[in-house]
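Hi,

Here is the structure I said I would pass on. Have a look at it first, and then read my notes below.

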Amino acid sequence: MSVIVLVHGIAQEQKSADSLEASWLPALAGGVRSAGSPHLADELWRAARPGQIDTRMAFYGDLFLKDGAQGAGDDEAADSDLAEELARAWLETAASRGSAKDRAVAAQVLAQITGDQSGAQGARAALRPAVNGLTRIPWFAPMGVAAAGRFVKRALAQVTRYLTDDAIRTAAIGRVKTHIGPETRLVIGHSLGSVV
């Protein structure tokens, strides 16, 4: 059991608990140090290694790998209706809480996609405009529209699989619970990890 439990977010299936801990711990210690607690920061991470406070990453990313697939697998959402709802919710959040530029782009995209979609074709036709709209928001596209499109599709696929696949959800929660005990004082979740 750990004093601090870290829970990663989406798109980590090609990593491991160890590699994620190695990147999260120095960042966590740096934040604690910047907040004015250098002694506590040293207990988290010192001299390029974990400190005295037992901190572990609960890893569930491999649950999203598909048997026989090379790499991350496909980016198709398990439930396209749910994926569309999530994409629209992300756009609505950007429209109300994003930077001025994000708010403007998200509002424009929402206005466009809430119009008549009766001429759209294909099973995922309603989802496409929302995904394409998200890729126009700078927060989603810091490395370009093509990378943003892959990120958004992967994010929607993993979130919908987590929410609709009981086996994945149960296994992910179980992996987090294996690190939580009476001595646990803090659980830090990022992205989908906060949902888990």
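Before anything else, one term: a residue is buried if its relative accessible area is under 20%, exposed if it is over 50%, and partly exposed in between, using a 1.4 Å probe and protein chains only. Keep in mind that this is a predicted model, where local features need pLDDT of at least 70, side-chain atom pairs count only at pLDDT 80 or more, and totals for chains, interfaces and linings use all residues. Residues are numbered from 1 along each chain as its sequence is written, and side-chain values use heavy atoms, with hydrogens and water left out.

Let's start with the rings. Rings of Phe, Tyr and Trp (its six-membered ring) pair if their centres lie within 6.5 Å; planes under 30 degrees apart are stacked, over 60 edge-to-face, and the rest tilted. Searching the whole structure turns up one aromatic pair. The partners are Tyr 60 and Phe 64, edge-to-face, with 6.3 Å centre to centre and 70° between the planes. Tyr 60 and Phe 64 are both buried.

Next, the sheet. Helices (H or I, at least four residues) and strands (E, at least two) are DSSP runs, numbered from the N terminus. Two strands pair if DSSP finds at least two bridges between them. Here three strands make an open sheet, in the order E4-E1-E5, with parallel pairing. E4 (55–58) and E5 are the edge strands, each pairing on one side only. Between E1 and E5 there are four bridges, in the parallel sense, and Val 7 sits opposite Gly 189 in E5.

The loop between E1 (4–7) and H1 (17–34) is worth a look, and Ala 11 is in it. Most residues other than glycine have a negative phi. Ala 11 has a positive one, near 60°, and is partly exposed at 22% relative accessible area. Ser 191 is another case, with phi near 55°. You'll find Ser 191 in the loop between E5 (186–189) and H8 (192–195), partly exposed at 35%.

Back in the loop between E1 and H1, find Glu 13. Is Glu 13 buried or exposed? Glu 13 is buried, at 5% relative accessibility. The side chain of Glu 13 makes a polar contact with that of Gln 158, at 2.7 Å. (A polar contact is a pair of N or O atoms within 3.5 Å; within protein, one must be able to donate a hydrogen and the other to accept it, and residues adjacent in sequence count only if both atoms are side-chain atoms.)

Now helix H7 (residues 166–177). Its twelve residues reach 16 Å from first C-alpha to last, close to the 16 Å expected at 1.5 Å a residue; that expected span is 1.5 Å times one less than the number of residues. Which residues of H7 are buried? They are Ile 168, Ala 172 and Val 176. Seen down the axis, the buried residues of H7 fall within an arc of 65°, so they line one face of the helix. The arc is taken from the directions from the helix axis to the C-beta atoms. An α-helix has 3.6 residues a turn, so residues three or four places apart point the same way. The face of H7 turned away from the buried side carries the exposed residues Ala 167, Thr 170 and Lys 177. At the start of H7, a side-chain oxygen of Asp 165 comes to within 3.0 Å of the backbone nitrogen of Ala 167.

Cheers
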